[in-house]
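Open the model in your viewer and keep the sequence panel beside it. This tour tells you what to select at each stop and what is there.

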Amino acid sequence: MADTEPRPLSASSSGAGRVDLVTFDRRELDRILDLYGRMVALGEWRDYAIDFTRDRAVFSIFRRAAEVPIYRIEKDPRLARRQGAYTVVSQTGLILKRGSELRRVIAVLEKPLRAVN
């Protein structure tokens with residue numbers, strides 16, 4: 001009897017019928033969610049989405065859930081040796097920062113500290 005049930009997508013490369021996906025590892029996701037949490041606390045960001053594809057992993061940041069993302073943090077391993085695997089892209093498609101260290105790349109999204117008088 002033939003197997004008729006669809007197979008789930010997997011980030012693993014073992015096994016037949018599985019699709020390799022680019023994902024954020026735990027450390028990367030912790031760093032991104034730390035920044036996201038601080039910006040939510042400041043009232044700047046409200047929602048996010050995570051997409052994993054064969055080519056890249058994307059963390060999209062929204063000001064409101066019904067809008068297009070204001071920023072995208074992308075991981076594309078194919079660019080790791082040339083330009084760096086991590087990229088921050090604005091709502092208009094402008095690349096704000098690109099590099100091989102996630103911490104430095106997402107620093108472009110940090111709010112500058114203001115002096116209190």
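**Stop 1: the sheet**

Start with the five strands: they form an open sheet in the order E1-E2-E3-E4-E5, with antiparallel pairing. At its edges lie strand E1 (47-52) and strand E5 (95-99), each pairing on one side only. Direction ignored, neighbouring strands of this sheet are turned by 10° against each other on average. Axes here are lines fitted to C-alpha atoms, for helices over the stretch in contact, and angles run from 0 to 180 degrees between N-to-C directions. Helices (H or I, at least four residues) and strands (E, at least two) are DSSP runs, numbered from the N terminus. Two strands count as paired if DSSP finds at least two bridges between them.

A word on what you are viewing: this is a predicted model, in which local features need pLDDT of at least 70, side-chain atom pairs count only at pLDDT 80 or more, and totals for chains, interfaces and linings use all residues. Residues are numbered from 1 along each chain as its sequence is written, and side-chain values use heavy atoms, with hydrogens and water left out.

**Stop 2: the whole chain**

Zoom out. The chain has two helices and five strands. From the N terminus on, the elements run α-β-β-β-β-β-α. Of the 117 residues in the chain, 31% are buried. Buried means under 20% relative accessible area, exposed over 50%, and partly exposed in between (1.4 Å probe, protein chains only).

Now colour by pLDDT, the predictor's confidence in each residue, from 0 to 100. The chain mean is 84, and 79% of the residues reach 70 or more. Select residues 1-10: pLDDT stays under 50 there, and the model has eight contacts beyond four places in sequence for this stretch. Contact means heavy atoms within 4.5 Å.

**Stop 3: E1 and E2**

Select E1 and strand E2 (residues 57-62). They pair in the antiparallel sense over six bridges. The two strands form a hairpin with four residues between them. Look across the pair: Asp 51 stands opposite Val 58 in E2, and Phe 52 stands opposite Ala 57.

How many of the residues of E2 are buried? Six of its six. Show the side chains. In a regular strand they alternate between the two faces of the sheet. On one side of E2 are Ala 57, Phe 59 and Ile 61, and on the other Val 58, Ser 60 and Phe 62, all buried.

**Stop 4**

Select helix H1 (residues 26-41). H1 packs on the sheet, touching E1, E2, strand E3 (71-75) and strand E4 (86-90). The direction of H1 makes about 160° with that of E1.

Next, pick Tyr 36 in helix H1. Is Tyr 36 buried or exposed? Its relative accessible area is 11%, so Tyr 36 counts as buried. Not counting residues up to four places away in sequence, Tyr 36 touches Trp 45, Arg 46, Asp 47, Tyr 48 and Phe 59. Draw a distance from Tyr 36 to Tyr 48: they are twelve residues apart in sequence and 8.6 Å apart in space, C-alpha to C-alpha.

**Stop 5: from E2 to E3**

Move to the next pair. E2 and E3 pair in the antiparallel sense over five bridges. Find Ile 61: its bridge partner in E3 is Tyr 71.

The loop between E2 and E3 holds Glu 67. Glu 67 has 32% relative accessibility, so it counts as partly exposed. The C-alpha atoms of Glu 67 and Asp 47 are separated by 9.9 Å, while the two residues are 20 apart along the chain.

**Stop 6: Asp 76**

Select Asp 76, in the loop between E3 and E4. Asp 76 counts as buried because its relative accessibility is 5%. The side chains of Asp 76 and Arg 78 are joined by a polar contact of 3.0 Å. A polar contact is a pair of N or O atoms within 3.5 Å; within protein, one must be able to donate a hydrogen and the other to accept it, and residues adjacent in sequence count only if both atoms are side-chain atoms. Leaving aside neighbours within four places in sequence, Asp 76 is in contact with Asp 55, Arg 56 and Ala 85.

**Stop 7: E4 and E5**

End at E4 and E5, which pair in the antiparallel sense over four bridges. Val 89 stands opposite Ile 95 in E5. This hairpin has four residues between the strands, and Gly 93 takes a positive phi near 95° in it.
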